[in-house]
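Subject: Structure handover

Hello,

I am passing this structure on to you. Please look through it first; my notes on what was found follow below.

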Amino acid sequence: LMVVRKEPQGIRRYVHLGTGNYNETTANLYTDFSLFTCEERTGRDVSMLFNLLTGFCHPGEFERLSIAPLHLRRRFVELIGREKENALKGRKARITAVMNSLTDRWVADALYDAAAAGVRIRLIVRGMCILKPGLKGFSDNITVTSIVGRYLQHPRLYIFYNGGDEEYYLSSADWMLRNLDRRIELLFPVLDPALQELLRR
């Protein structure tokens, strides 16, 4: 959702991005995260996305957003690969991810490679998961937990250690073929340290 206002300082975009749907029925049952921001580069990216969806432009260079089916899988694999490279250099490397399902084999293969290189990977996957954790010498650096409670766990949160300069992302996309290839889905960073701490907790 984007609201564009003409203010004394000029045009300002207010953007709401979330991990779920605008659906009043599921909102009573699902738990999700969302971000409300007027950060300039995020606003520009969302504006460009809406123009793309309505047919007014070709995809440009997005600064904050990664978008499926354009380049979201590639971005996930790059982020996982960066952790792998840090582990191979003897640095601390860690990935924490929360999602509904993990069924994309390209992402799973990237996670296996990263785990074998020494990356500690903690996954919280509510539903389907094709990844097999705990295999000695292969995926013993991976743990998978499923949380089933009163409400449907629905957020998608991805945290990459990044050499100690942790990066936090929220997304509407699970690591699934349908999310990465067949739908329009977003990955967006959470930049504010206070919000990162909230997500960490």
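Helices (H or I, at least four residues) and strands (E, at least two) are taken from DSSP runs and numbered from the N terminus. This is a predicted model, in which local features need pLDDT of at least 70 and side-chain atom pairs count only at pLDDT 80 or more, while totals for chains, interfaces and linings use all residues. Residues are numbered from 1 along each chain as its sequence is written, and side-chain values use heavy atoms, with hydrogens and water left out.

S66 is part of strand 5, which covers residues 66-68. Is S66 buried or exposed? Its relative accessibility is 8%, so S66 counts as buried (buried means under 20% relative accessible area, exposed over 50%, and partly exposed in between, with a 1.4 Å probe and protein chains only). Apart from neighbours within four places in sequence, S66 is in contact with H71, L72, R75, E185, L186 and L187 (contact means heavy atoms within 4.5 Å).

The loop between strand 5 and helix 2 holds P69. The peptide bond that leads from A68 to P69 is cis, and its omega is near 5°. For background, most peptide bonds are trans, and most residues other than glycine have a negative phi.

Helices 2 and 3

Helix 2 spans residues 72-88 and helix 3 spans residues 105-117; their axes come within 8 Å and cross at roughly 10°. Axes here are lines fitted to C-alpha atoms, for helices over the stretch in contact, and angles run from 0 to 180 degrees between N-to-C directions. Helix 2 and helix 3 are therefore roughly parallel to each other (angles under 35 degrees count as roughly parallel, over 145 as roughly antiparallel, 65 to 115 as roughly perpendicular and the rest as oblique). Which residues meet between helix 2 and helix 3? On the helix 2 side they are R73, V77, I80, K84, A87 and L88, and on the helix 3 side W106, V107, A110, L111, D113, A114 and A117.

S101 sits in the loop between strand 6 (94-99) and helix 3. With 7% relative accessibility, S101 counts as buried. Leaving out neighbours within four places in sequence, the contacts of S101 are V125, G127, M128, D174, W175 and M176. The C-alpha atom of S101 is 5.8 Å from that of C129, and these two residues are 28 residues apart along the chain.

G164 counts as partly exposed, at 46% relative accessibility. N162 is not a glycine, yet has a positive phi of about 55°. Its relative accessible area is 17%, so N162 is buried.

Salt bridges

How many salt bridges does the structure hold? There are 17 salt bridges (a salt bridge is a side-chain nitrogen of Lys or Arg within 4 Å of a carboxyl oxygen of Asp or Glu). In general, side chains of opposite charge can pair when their charged atoms come close.

One of the salt bridges links E7 and R5, with the closest N and O atoms 2.7 Å apart. E7 counts as buried at 12% relative accessibility, whereas R5 counts as partly exposed at 43%.

Another salt bridge joins the side chains of E167 and R82, at 2.9 Å from N to O. E167 lies in strand 11 and R82 in helix 2, so this pair ties together parts that are 85 residues apart in sequence. R82 is partly exposed, its relative accessible area being 24%.

R201 and E197 also meet in a salt bridge through their side chains, at 3.8 Å from N to O. R201 is exposed, with a relative accessible area of 69%, and E197 counts as partly exposed at 30% relative accessibility. Salt bridges with shared partners join E39, E40, R41, R44, E63 and R64 into one network.

Regards
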